[in-house]
Amino acid sequence: MFVRLVYESFRRQKRRKLLAGVAITLGVGVATAMIAVATDIGDKISRELRTFGANLIVTPQEDTLDLQIGGVDLRPPSDGAYLSEADLPKIRGTFWHHNIVGFSPMLPVNVTAGPSGTADVALLGTYFSKTLTFGKEEFVTGVRITHPWWKVQGAWPDDNSQDVLLGERLAARLGRRPGDDIDINGVPHKISGILSAGGPEDNQIVAPLGLAQQILGKPGAVRRLYVSALTKPEDALARRDPKTMNAELFDRWYCSPYVESIAYQLQEVIPHSHAEQIRQVAQNEGTVLSRIKGLMLLITLAALLASALAVSAAMATAIFERRSEVGLMRALGAGSFPVAAVFFAEATLLALIGGVVGFAGGALLARAIGRSIFDSQITIEPVLFPIILAIAVIVTFAGSALAIRRAVKLDPVYALRGEA
Amino acid sequence: MSSRPVTEPARRRENSPHTSMFLRMLVRAAVLRRGRAASALLAMVVAAAVATAMLNLYVDVQAKLRREFRNYGANIVVVGKDGQALPAGTLQQAESVLAGRGMAVPFAYVVARTMSGQSVVVSGTDFDQVKKLDRWWAVTAWPAAGGAALVGNRAAAVVSPKSEPFDLSFQGRVIHLNPSGLLTTGAAEDSRVYLSLSDFESWTGVQPSTIEIAASGSAEEVSALAQKLAQAIPAAEVRPVRQIMEGEARVLGKTRSTLLAAAVLIILTSALCVLSTLMGWVFDRRRDFAIMKALGASERLISSFFAAEAAALGAVGAVLGFVIGIGVAAWIGRVNFHSPVEPRFGVLPVILLGSVAVALLSAALPMSLLRRVEPAMILRGE
C-alpha cells in the first residue's frame, strides 16, 4: 500500500512533481557548480598569477655582488661564478616538478652592436622555448612561459639558431626592423623580431643562450635562473627555518609546495647554487590568492543558501497544495506517522533523482565555466557526489518537514473543506 | 475566513477612513493570511538580498582587488634618458600629474667603493615612501636618523658582515654610515646599500635618475597617465611596467568573470525560489479568485488586483532585501578585504525592477491557469 501510494502520487501528479524536481535539480546543479569552481579557483588563479613572472631566482652560491642599476649589470663579465647549464634539466626531478611551470636561464654579456661597433649594449642569453630532456621525459621551457608579458613583433628566434631579438627602444635607436641584420662584435646576426618587454630588456639584445655563451667564451655558463612555480600561500610553518625542524615536521614542510621548500629543493638539485624567492612576486601572490579564494568561499556559501531556500520553498509549496489529500488520509484513519512517512519517502525519492541529475548538470556547468573563463578544465572530485547527494536529501527533508508537520496537524475537516 | 469573528472586520470597517475597496482588499489579504504572506515575503527578501550582495560585490571587487595589486609596487617607471639624472623638479612635476591618484618615489644610484676596494651599488631614496610602495621588502629595522643605512643582505657580507659601522667612498669623498637593518627582497635590491636621499645627495651630489610610480586605476587610466607623464616630462623615458599591468589585468578579468557567472547562477536560483513560493501563494488563493469572479468582478479587475498584490510584495521585498544585501556585502568586504564594500545605490532600481518583474511573472502563471477554470469548480474544491 505504501509503495503504491508513492508510486501513484508520482504517476498522477506529474506537473507538481516536475516543478519540485526541477527546483531540486537546479538547486543541486548550482550548488555543485559553485563548489567545484570554488575548490578549483585557487589552482586556476595561481596559474593566472604566473603572468607576473618568476617567483624564484637561483644564483651561484659563490657569486660576487651584483652591480645592477636599472636592470643593467655593470659587473665585468669575468667576475663572479656561474651555474652549469647541464644541471638545469634536473629541476624536472625535484619533488614538486609538477608545480614548476617553467624556468629561464639568463646570461648577460656586454657587446658592441651596430655597423661599426658604435654602441655598447647588453646582450642577454636565454631560452625562448627550448626542448630539454630529463631521463626519458621531454619538456619545453623558456621565457615564453616565464615572461608571458614579453611581446615580439616578427618571430621568436629558434633556440639553436644565431638569430636575435632586439629590444624596441634599442631597435628604434639603431633604426632596425625584423628581418634586418645587426653586427654583434663584428659578426652579422639576423634580427628575427623586435621585443617589447616594458623593462630594461627594451634597451638590450636578447639572444639564444648558446650565442651568449659563445660570445663570452664560457660554454655551459648561466648567470642566474628564473623559476616560475605554483606555490601555496605562506603560513607559519613555511616561514620556519628547516634546520630547526624535527624529522616529521621537516617532511611536512618539504612536501608542501611553499615557495621556501621549492627553493630548498632547487638548491638540492643544482650544485653550488642559492635559490631565493623573489619577494615582490611570491609574497603578493599569497595575499591576492587568499583574497580571491576567500571571496569565492563566501559566495559559494551564499549559493548554497540560495539553493537550499529554493528547494525548501518548492517542497513546501508542493506539500501545501496537497493538504486535502492529507485530510482524506487522516479522515480514513491513517495516523500522522504513516502519512508523514509517505511524504518523506516522496521527498527523498525526488531529492535522489534531482540530486543525480543536478550533479551531472552542475558538473557540466562547472566545466563550461572553466573552459570559457580559464581555458582549462575544472575537475570535479568524485568524493563530491555522495556529499552533494546527502546535502540534497537533507535540504529536501528539512524543507518539507515544516510543511508536512503543518499538513498533518491540520484538522481533517478544515483540510477537506479547503481551509487552512 | 468563515471561522473569523464577524464583528471584528465590521468594527474595523466602520472606524477606518474611507479607503478604496481595492486597497483594503490588498491589505486584508496580507493580514489575514499572515503565514503564507510572510513566507512569500521572506523568499522575496532573501532573493533580493542575495542579488544585491552579489551585484554590489561584482561592482566593488575590482576596486578592492586593485588595491591588493598595488602591493606589487610600481606600475610606471620614469628614468632619465640614457641613464642620466632627471632634471631637478621632475618629482614635483610627476606628483602634480598624479594629483593624488598614486605615489611617486625617487631613486638615485651610484657605484661606490668599500674601504677594501669592492664595488657596491648605493642608492638614495625616500624611506617613508618606499615603505608604502614596496611592501614586500623584508626589513629588520628601517633607518630613522641621518647617517643610517639599510643594507641588502648580500651587500652586508661585503660592507659590514657584523653590522658594524662602515665607510664608503665615491669619487674621493667618504661617508661614514651606521647599518640600521638588513633588507631582503630576492632581487637586485639585496646587493645594494640604501641611504636617505638627503644623505645621498650631500655625499655624492648625484640627483635621482629613476622615479617609480604606483598609479591607481584601471589599465586604461594607468596608460593614459603614463602618456600624460611622458608629455609633462619630455626629458625622461616613461615606461609602463608591463609585467605588473598585464598580470593585474589578467587576474582581475578572470576573477570578475567567475564572479559574474556565480552571480548569474545565484540570482537565477533565488528567482526560482521566489517563483515557486509566489506561485504557491497565488494558487492557494484560488477561492478568493473564484468568489470575486462569482460576485461579478471582471477579469481585468481580478488580474490587476493580483498583479498589484504581487508588485507590492516584490517592491517591499526588494527594499528590505536591498538593505540586508548591502549589509551582507559590507560584511563580506570586511571579512575578506578588511574594508567594507561601499553601498551602491545604483543597484537599487535594478533590484526593484527585477523583483517586481519576477513577482508579476509568478502571479501571471497561476492566473492564466485559474482563468480557464469555472469559479463553481474551484469553490467546490476541485
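**A tour of the predicted complex**

Begin at H338(B), which sits just after α11(B) and takes a positive phi of about 60 degrees. This is a predicted model, in which local features need pLDDT of at least 70, side-chain atom pairs count only at pLDDT 80 or more, and totals for chains, interfaces and linings use all residues. Residues are numbered from 1 along each chain as its sequence is written, while chains are lettered from A and ligands numbered from 1 in the order in which they are written.

Next, select residues 299-337 of chain B, which form helix α11 (helices are DSSP runs of H or I with at least four residues, strands are runs of E with at least two, and both are numbered from the N terminus). This helix of 39 residues reaches 54 Å from its first C-alpha to its last, close to the 57 Å expected at 1.5 Å a residue, the expected span being 1.5 Å times one less than the number of residues.

Now colour chain B by pLDDT, the predictor's confidence in each residue, from 0 to 100. Its mean is 84, with 94% of its residues at 70 or more; confidence is lowest in helix α1(B), residues 7-15, at a mean of 58, and highest in strand β8(B), residues 192-196, at 93. Where pLDDT is low, the predicted coordinates should not be read in detail.

Then turn to the interface, where 58 residues of chain A are in contact with 63 residues of chain B (contact requires C-beta atoms, placed from the backbone, within 7 Å). On the chain A side, select α9(A), which supplies the largest share, 22 residues.

Terms used:
Two residues are in contact if their C-beta atoms, placed from the backbone, lie within 7 Å.
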